[in-house]
Amino acid sequence: MSGGYIVGVNTGSHDASAALVKDGKIISLIEQERISRRKRAVNESPRDAIRTCLMDAGIELSDVSCVAVGWDMPKYFALEGRGFPVDIFRKRIGVPHEIPIHFYGHHLAHAASAFWTSGWDRATVIVTDGRGEDAATTTYLAEADTFKRLAQWDLAESLGRYYSKASSWSGLGPTDVGKFMGLAAYGEPRMAMPIEVTPDGYRLAGAERVPNRTMPELREALNASVTPYFSACFPYGEGDGMEIMAYADFAASVQSSLEAALSSLVTAAVGETGCAQVVLAGGVAMNCTANGKLARHPSVEELYVPPFAYDCGVAVGAALLAARDSGLTGVSTANGRVGAYLGRDHSARIAEVAESAPLAGRRLSDSDLAACVAEHLAAGRLVGWYQGRAEVGQRALGARSILADPRRRTMVGRLNQVKGRELWRPLAPSVLAEDRDRVFTHDLGDLGHHMLGATHVRDGVRPLMPATVHVDGTARPQYVRRDRTPRYYDVIESFRDMTGTPAVLNTSFNLAGEPIVCSPQDALSTFLRSGLDVLVLGDHVLERTGQESAG
């Protein structure tokens with residue numbers, strides 16, 4: 001391999017993505033769902049994401065030295081009892097034979113995506129998800145450009161699948177783990193669960209660590225461990241989603257057991273490495289309730305979770321691994337602490353879309369824009385907010401957001417109804433970074449910049465922002481800095497100065513079953529199909545005239 005441009009991809013069954021790296025530095029990360037408009041890009045090729053990365057950089061596939069895949073596909077197919085059809089794979093992702101393809105283990109790619117964007121030169125890394133090729137949890141000591149594997153758990157003890165199966169049992173879907181986490185706050189953890197804490201981390205009750213089992217055998221082993229426990233919990237059978245609150249104690253018990261396993265993993269791994277800088281990756285690392293508690297773990301000095309901790313991020317990890325393997329040194333320091341704004345920038349198209357929209361519009365200076373949006377929010381209006389380069393990941397962070405007044409508890413029901421979400425699901429606050437100690441009992445550190453941790457809202461502040469406080473008194477905040485999102489910062493500052501409330505309500509700019517909007521046209525289409533009141537595209541403020549249609 002040689003240096004220069006490298007494309008990394010995730011080609012798993014969901015969250016297809018592509019990343020572009022040049023000389024070890026991340027240029028972009030594009031999620032296939034944002035292009036195809038099919039949420040989570042289930043069973044989709046990342047072809048469109050690859051094409052978009054290249055187009056935005058002004059290069060062709062022929063300018064790329066290699067394509068790196070965040071799965072060891074030959075091993076994955078072998079574990080499933082099949083041969084790997086490499087030619088069909090190349091055709092599926094659109095990579096000709098003259099461009100080398102390199103495969104990396106899924107958990108190693110997760111670890112690389114997290115450690116090499118943390119800005120640290122040494123860390124304890126924990127990867128835990130549904131599955132890699134044959135692993136579900138792996139711990140590492142990461143130093144500079146190397147990863148030393150410490151321990152590994154197979155699919156029979158998958159924390160990701162355990163949590164997913166519990167979500168299904170409650171009557172939510174297997175991919176509705178975020179909803180299930182929200183449900184847990186309504187219950188009490190009083191039911192026995194199959195997770196057992198051990199000196200090396202955890203184990204699933206009844207699970208045997210038998211080498212060389214087939215994938216069906218591993219899946220059945222996990223089912224055999226969890227089903228007796230789930231069946232013993234009220235309401236004693238699988239739900240259909242019609243009485244979801246009956247499963248609140250069940251959800252709380254599953255959440256508590258997951259937190260115990262993660263806490264034990266951290267204790268064991270840090271005890272072995274001696275390094276209190278802890279990095280999490282994998283789908284389980286998106287559990288913000290657990291993350292908020294791990295951030296205060298006695299073994300943790302600082303906790304880092306990248307905004308792309310789930311499978312889309314292995315595109316970044318694979319590309320960085322390929323850069324390292326090309327002979328490039330210093331990959332660990334090439335990116336520093338990476339933020340979330342790695343997606344597409346459609347700013348050049350905003351004026352065209354805004355001026356052609358069937359809406360009443362005006363263009364404002366930045367100072368007038370902040371005051372105007374704050375006034376709309378204070379008046380109880382819902383604002384679609386679209387700015388600059390898109391954030392990546394599952395959280396809207398002030399680039400593709402819906403904003404509302406956090407002082408009105410009725411906004412929870414109204415927004416959830418507008419978006420087609422379950423009415424009991426919580427919504428989150430965006431707070432100026434300098435106000436975080438005033439608002440929250442604990443500082444989440446970097447987790448707070450990407451809505452990846454939950455913490456308690458101070459008693460005296462809760463009445464000021466009730467729409468963003470969950471039933472357990474917590475919130476999943478975003479800390480907003482002017483140097484990252486200046487217009488968004490100014491809106492929050494203006495709203496704070498106008499109302500005395502140091503936050504705005506922020507949720508993702510999408511409707512149920514759809515990805516977060518990507519282009520200005522996506523934003524306009526979503527706005528016209530929704531009950532939102534105001535649309536802000538860049539410095540254009542658009543309002544309904546009564547004559548608009550989705551077109």
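**Sheets and helices of a predicted model**

Strand 1 (residues 5-10) and strand 2 (residues 17-22) run antiparallel and are joined by six bridges. Helices (H or I, at least four residues) and strands (E, at least two) are taken here as DSSP runs, numbered from the N terminus, and two strands pair if DSSP finds at least two bridges between them. Within this pair, I6 has V21 of strand 2 opposite. The structure is a predicted model, in which local features need pLDDT of at least 70, side-chain atom pairs count only at pLDDT 80 or more, and totals for chains, interfaces and linings use all residues. Residues are numbered from 1 along each chain as its sequence is written, and side-chain values use heavy atoms, with hydrogens and water left out.

Contact, here and below, means heavy atoms within 4.5 Å.

A second open sheet also has five strands, this time in the order 8-7-6-11-12, and its pairing is mixed. Its edge strands are strand 8 (146-153) and strand 12 (302-304), each pairing on one side only. Neighbouring strands in this sheet are turned by 20 degrees against each other on average, direction ignored. As a reminder, strands of a sheet pair through backbone hydrogen bonds, either parallel or antiparallel.

The antiparallel part of this sheet includes strand 7 (residues 137-143) and strand 8, joined by seven bridges. E143 has T146 of strand 8 as its bridge partner. The two strands form a hairpin with two residues between them, and A144 in the turn has a positive phi of about 50 degrees.

Further along, strand 6 (residues 122-128) pairs with strand 11 (residues 277-281) in the parallel sense over four bridges. T124 stands opposite V278 of strand 11, and V125 has V279 as its bridge partner in strand 11. Strand 11 also pairs with strand 12 in the parallel sense, over three bridges, with V279 opposite Y304 of strand 12. Five of the five residues of strand 11 are buried, so this strand is largely enclosed by the rest of the structure. Buried means under 20% relative accessible area, exposed over 50%, and partly exposed in between (1.4 Å probe, protein chains only). Both faces of strand 11 are covered, with Q277, V279 and A281 buried on one side and V278 and L280 on the other.

Among the helices, helix 7 (residues 177-184) has six of its eight residues buried, so helix 7 is largely enclosed by the rest of the structure. These buried residues are K179, F180, M181, G182, L183 and A184. They pack against helix 6 (159-169), helix 9 (248-273) and helix 10 (288-294).

The axes of helix 13 (residues 347-356) and helix 18 (residues 520-528) come within 9 Å and cross at roughly 35 degrees. R349, I350 and V353 of helix 13 make this contact with P520, Q521 and L524 of helix 18. By class, the contact residues comprise four nonpolar, one polar and one charged. In this grouping, Ala, Val, Leu, Ile, Met, Phe, Trp, Tyr, Cys and Pro count as nonpolar, Asp, Glu, Lys and Arg as charged, and the others, Gly among them, as polar.

Taken overall, the protein holds 18 helices and 22 strands. Its radius of gyration is 23 Å, close to the 24 Å that the globule rule gives for 551 residues, so the protein is as compact as a globular protein of that length. The radius is taken over C-alpha atoms, and the globule rule is 2.2 Å times the number of residues to the power 0.38. Along the principal axes, the C-alpha atoms fill a box of roughly 65 × 60 × 40 Å. Buried residues make up 59% of the 551 residues. Of the contacts with a separation of 6 or more, 71% are between residues 24 or more positions apart.

Key
Axes are lines fitted to C-alpha atoms, for helices over the stretch in contact, and angles run from 0 to 180 degrees between N-to-C directions.
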